[in-house]
Amino acid sequence: MRTRATIATAALLLAALTACSSSDDAPAASDSGTPSAEPTVSVPAEHEGDDLEAAVAVYTAAYFAADTDTAYAMLSARCAKEITKDTYAGVVKQVKTDYGPDHLATDVQADVSGDLGRATYKVAGLPKFDQTKQPWTLEGDAWKYDAC
């Protein structure tokens, strides 16, 4: 988590420094009409699954807290077709009643290949909910729970 915050902070600082680095003596930019390629930022291998790890943490916390809006919004389109929001709300409310709201995802490990991900993690205090290679899918720019 700290690493992700450090990376984000470094990126913001770099953007701020870049924006402030223009000089009054620099010649005016010209538009040649030819678009230049956008710079590509590659994610170091050790951080490829960070977004999926964060999604797992948010989804698990929302699930056990019966935060239907958050958890249901994190279902893949395929899963959302299989269960209505009202039915899903009943499920998460029952889970909260049965187990309580304070069960976070721990030891999250994410394996990502393109727009498919597999998450392995433990649920604090509830080993029967621990997951191995739980399927997730990238829809747009967000990871969605796809184990329906």
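At what angle do the axes of helix 2 and helix 5 cross, and within what distance do they come? The structure is a predicted model, in which local features need pLDDT of at least 70 and side-chain atom pairs count only at pLDDT 80 or more, while totals for chains, interfaces and linings use all residues. Residues are numbered from 1 along each chain as its sequence is written, and side-chain values use heavy atoms, with hydrogens and water left out.

The two axes come within 7 Å and cross at roughly 80°, with axes taken as lines fitted to C-alpha atoms over the stretch in contact and angles running from 0 to 180 degrees between N-to-C directions. Helix 2 and helix 5 are therefore roughly perpendicular to each other (65 to 115 degrees). Tyr59, Tyr63 and Phe64 of helix 2 meet Tyr88, Val91, Val92, Val95, Lys96 and Tyr99 of helix 5, contact meaning heavy atoms within 4.5 Å. These residues divide into eight nonpolar, no polar and one charged (Tyr, Phe and Val count as nonpolar, Lys as charged).

Tyr88, Ala89, Val92 and Val95 are buried (under 20% relative accessible area, 1.4 Å probe, protein chains only). Seen down the axis, the buried residues fall within an arc of 125°, so they line one face of helix 5; the arc is that of the directions from the helix axis to the C-beta atoms. They pack against helix 2 (50-64) and helix 3 (68-73). On the other side of helix 5, Asp86, Lys93 and Thr97 are exposed (over 50%). Glycine 100, with a positive phi near 90°, follows helix 5.

How values were computed:
Helices (H or I, at least four residues) and strands (E, at least two) are DSSP runs, numbered from the N terminus. Angles under 35 degrees count as roughly parallel, over 145 as roughly antiparallel, 65 to 115 as roughly perpendicular and the rest as oblique.
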